[in-house]
Amino acid sequence: DNKSFVNVQESLKKSLAQINTLLFHNVLIIFSLLGNAPISIDLVKSLLQPQGFKEVEIEEAISELATLFYGNISRIGNEQASFSISQSIQHQLISIFWEEHPEKVKELSQIIAQGLLKIFKENKNDLYHYLNNNPFYETSLKEFLKKVETLKIPLNSDIVGLRIFQLENLLFFKQDQVEALKIFNTIYPLLNLIDDTFLKALFYSLTGPLNFSHQFEYDIIQNIHNLLNKSSELNSQERLRIYNSLGLIYLLQADTGKAKEQIHCSLELLKEVQNNLLRISTYYLAARSCNEREEYLQALAYLDQAIELEPHLEDKKYILYVYNLKASVLMSLERYKEADKLCDKSIQICESYSKPHNQTDSYAEALIYRAKVDLYHRDFNSALEKTEMALKIYSNFSKEGHKILEEAYAWSIKGDTHLLKNELTEAQFCYTNSLNIYKDWGEYKSSSKAKKTYKKLLYIASTLNNHHLFDSYKSLYNTLFKEGLRESVSLYHQTL
């Protein structure tokens, strides 16, 4: 059963044939472009055989390389082997080739991009499991794109396509949202290079979960609708992901009506999709939409359907958003004991990951809801500690010029804590920060959370007996929400 496995070390001892110089150079350049991580020898074969080289020739070239550079050759599966040479030698080689044979490097970059893109597209419906079982493809992708950037190799549709797969990997599998947002900004201006409908669909399916800033949203919404007009070119899973993305964008804009329409389309497509990660994310979005409309029992029903799929997940981090949202819904129903347990469970899972992998928005969200439970128990110190931890995580996103909408809620909970402690100036500062984030999201006028925050500022102004501040907040409230607040300072204070 091991006949098909090539023992490269044995081939090295037996091989005395003259190596094809062109092939030798090609293999060297490929290894140099793919970086210092272990590289699948099968991948190198798949890249070079279509160029007219025979399998045995490629094996002999790799054997010669092993002799020349004392490279490590190891077995990674029944019929696979990997090869690596030191990073310093890799850098020397690529510098030499880039200086002396730039066109050859560009040509082989195109071959690598096409080969890797073909592999990722063939496994697109279950990429998570594929990369888990073949981790060298992920490292090869990362190292290759790093080399492309360093050498300033001209970008084409295949390289941009690989960037989109890298974006998906960072966002969903690695949950590195900060790095994902950086990649997003490099891809978006280059989408015109891509004609492939699937790759465009994959990119736009990632835009909602990215929580990017307001200035991109309107163009993206129109582009997504244009793409859905070509839905005959997409399978059910691809269409489902796009509807989910569009639904989430509308939710982030507080347009619950349009969000409900898109998520209804997603729920209909669930009948044709068996991917558990997608099913969980769809139930989560449906629950989030219900939560925004204060349909709490229906939200719980969707969340419980998502939780039923948890045993089928290899990694618990994908259920964290569900736990967090369920905790929030339970608090809205004043079922604080149940919410308490869920928050703790979510935080425990997050903290089981090592830094920086536990510094995610799902961890920050769990901390916020835990702080809200602490407020119910009047444990103000713990509530402040948790909101500070959450805001520190969100600050990492802000450093890159991006704001996460849930950061507004974190500031609001911190403001509630100060308000209950009768620390009015501190509470006012927190609520103002919260509203500034809502403003960055455009359609915050219909956000119930923003409306409640303004009312708390009105309460603070009335408590401070600051007529000027109260009238200023009142005027803003009436303008934004089209709801007249006619109460005087004293009457409004008594009402609250």
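These are my notebook entries on a predicted model of a protein.

**Entry 1: the whole protein.** I began with the secondary structure and found 25 helices and three strands. I then looked up burial: of the 496 residues, 54% count as buried. For the accessible surface I noted about 22,800 Å², with 48% of it belonging to carbon and sulfur atoms. I also checked the contacts between residues at least 6 apart in sequence, and 66% of these join residues at least 24 apart.

**Entry 2: glutamate 365.** I located glutamate 365 in helix H19, which covers residues 361-376. I asked which side chain of opposite charge is nearest to glutamate 365. I found arginine 288, at 5.3 Å. A salt bridge requires a side-chain nitrogen of Lys or Arg within 4 Å of a carboxyl oxygen. I recorded glutamate 365 as buried and without a salt bridge. Leaving aside residues up to four places away in sequence, I listed its contacts as Tyr284, Tyr321, Asn324, Tyr394 and Glu406.

Entry 3: The largest cavity holds about 100 Å³ of space. I noted that helices H9 (157-173), H11 (197-210) and H13 (236-252) each give two or more residues to its lining. H11 provides the largest share, four residues. Among the lining residues I recorded Lys124, Asn125, Phe165 and Glu168. The lining also includes Phe198, Ala201, Leu202 and Ser205, as well as Gln237, Glu238 and Arg241.

Methods
Residues numbered from 1 in each chain as written. Predicted model: local features only at pLDDT ≥ 70, side-chain atom pairs only at ≥ 80, totals over all residues. Heavy atoms only, no water. Buried < 20%, exposed > 50% of the residue type's maximum accessible area, 1.4 Å probe, protein only. Contact = heavy atoms within 4.5 Å. Areas by Shrake-Rupley, 256 points an atom, 1.4 Å probe, with all protein chains shown as cover. Lys, Arg positive; Asp, Glu negative; His and termini not counted. 1 Å grid on protein atoms, 1.4 Å probe; cavity = no way out; pocket = protein on both sides within 12 Å on 5 of 7 lines; lining within 4 Å. Points joined across faces, edges and corners; volume = space filled by probe spheres on them.
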